[in-house]
Amino acid sequence: MSSETPPSYGEPLAGALSAGTVVLDGGMSNQLESAGHDLSDELWSARLLAERPEAITEAHLAYFEAGANVAITSSYQATFEGFAKRGIAHEEAVRLLALSVELARDAARQARGKGITHPLWVAASVGPYGAMLADGSEYRGRYGLSVAELERFHRPRLEVLAAAAPDVLALETVPDAEEAEALLRAVRGLGVPAWLSYTVDGRQTRAGQPLEEAFALAADVDEVIAVGVNCCAPEDVDAAVATAARVTGKPVVVYPNSGEAWDAEARAWRGRSSFTSEQVRGWRDSGARLIGGCCRVGPEAVASIARALGAA
């Protein structure tokens, strides 16, 4: 890990959220795919940590150049269990997890070299248990595991990612309040702040729990600096922002998908992006302080978000 001062100039992300709005990046996978990389693999973008790490740095840099303040690392699908299935030993998996943070730091340093002066932070992505299974269960939850079992799954990689010194841990695309409870237990004592972001269907988690109950789990957790939603339809964001702000009193994080629909039979995206400037400003006015995009949201869309928020 580099000993250089992080390119955020040392300003904590939590402090920035109390002062205004921060722009998140967009989808890592679609940016890599647009650059010609094949991600048809259970490790998804995490495979490139071992095979093409420079491609990940380039993807982060594209988002910084578009106006993003926060790069979310390529560790969403990176787990000890997933790496082991590919014959990657524990020690090498530790290196690759830490590398995901350093690649984002490298992108921030390159952005500084290109004259970008706005604050830059690194969020270490921690995907749900279902992401490791790579069978779509990350959008269902209810894995048949106890909260204690899920905590034991998440804690080791959280420890490695925290040791790599990101600015924040992104507990993201969480489909189930029980898994959120496990993650919230696992981040205690790590010394790194976190945000908690559910994937939702209307006013419920994907597992069917009311969002009021799901968000309430994080209300009194000191490590959590923001709560919200990601990897959902833009139309599901409005109610979630209002609920998260009211229930927790914390800044809200939102980064939905583009609004396009996945055609599983054709294995292709259909429709058009439904992001609008009015939506983005509305989310901010309702309490959202970290705003960006997830699947199918690329640098051009992130640039439009930054413009809408007056951040770039």
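**Basis and overall make-up**

In this predicted model, local features need pLDDT of at least 70 and side-chain atom pairs count only at pLDDT 80 or more, whereas totals for chains, interfaces and linings use all residues. Residues are numbered from 1 along each chain as its sequence is written, and side-chain values use heavy atoms, with hydrogens and water left out.

The secondary structure comprises 13 helices and 12 strands; helices (H or I, at least four residues) and strands (E, at least two) are DSSP runs numbered from the N terminus. Of the 312 residues, 57% count as buried, where buried means under 20% relative accessible area, exposed over 50% and partly exposed in between, with a 1.4 Å probe and protein chains only. Among contacts between residues at least 6 apart in sequence, 77% join residues at least 24 apart; a contact means heavy atoms within 4.5 Å.

The average pLDDT, the predictor's confidence in each residue from 0 to 100, is 89, and 90% of the residues score at least 70. Residues 1–9 stay under 50, and the model has 19 contacts beyond four places in sequence for them. Where pLDDT is low, the predicted coordinates should not be read in detail.

**Helix H8**

Helix H8 covers residues 147–163, and its 17 residues should span 24 Å at 1.5 Å a residue; the end C-alpha atoms are 24 Å apart, so the two values agree. The expected span is 1.5 Å times one less than the number of residues. H8 bends by about 30° at arginine 155, with proline 156 following within four residues. The bend is the angle between axes fitted to the seven residues ending at a position and the seven starting there.

The buried residues of H8 include Val147, Leu150, Phe153, His154, Arg157, Leu158 and Leu161. An α-helix has 3.6 residues a turn, so residues three or four places apart point the same way. Among the elements that cover the buried residues of H8 are helices H5 (80–85), H6 (90–113) and H9 (177–187), together with strands S3 (121–126) and S4 (168–174). After H8 comes alanine 165, whose phi is positive, near 65°.

**Aromatic cluster**

The structure holds four aromatic pairs. Rings of Phe, Tyr and Trp (its six-membered ring) pair if their centres lie within 6.5 Å; planes under 30 degrees apart count as stacked, over 60 as edge-to-face and the rest as tilted.

| Pair | Centre to centre | Angle of planes | Class |
|---|---|---|---|
| Tyrosine 129 and tyrosine 143 | 5.0 Å | 55° | tilted |
| Tyrosine 129 and phenylalanine 153 | 4.9 Å | 80° | edge-to-face |

Tyrosine 129 lies in helix H7 and tyrosine 143 in the loop between H7 and H8, 14 residues apart. Phenylalanine 153, in helix H8, is 24 residues from tyrosine 129. Tyr129, Tyr143 and Phe153 form one aromatic cluster. Tyrosine 129 counts as buried because its relative accessibility is 16%; tyrosine 143 is likewise buried at 18%, and phenylalanine 153 is buried at 9%.

**Nonpolar cores**

A nonpolar core is a set of buried Ala, Val, Leu, Ile, Met, Phe, Trp, Tyr and Cys residues joined through side-chain atoms within 4.5 Å. The largest has 80 residues, and those with the most contacts inside it are Leu158, Leu169, Leu171, Tyr198 and Val254. H6 gives the largest share of this core, 10 residues. A second, separate core of 20 residues includes Trp121, Ile225, Cys231 and Leu290. Leaving aside neighbours within four places in sequence, the contacts of valine 254 include Leu24, Val229, Trp283 and Leu290.

**Positive phi in two arginines**

Most residues other than glycine have a negative phi, and most peptide bonds are trans. Arginine 142 has a positive phi, near 55°, and is placed in the loop between H7 and H8. Arginine 142 counts as partly exposed, since its relative accessibility is 49%. Arginine 296 also has a positive phi, of about 70°, and belongs to the loop between strand S12 (288–291) and helix H13 (299–308). At 37% relative accessibility, arginine 296 is partly exposed.
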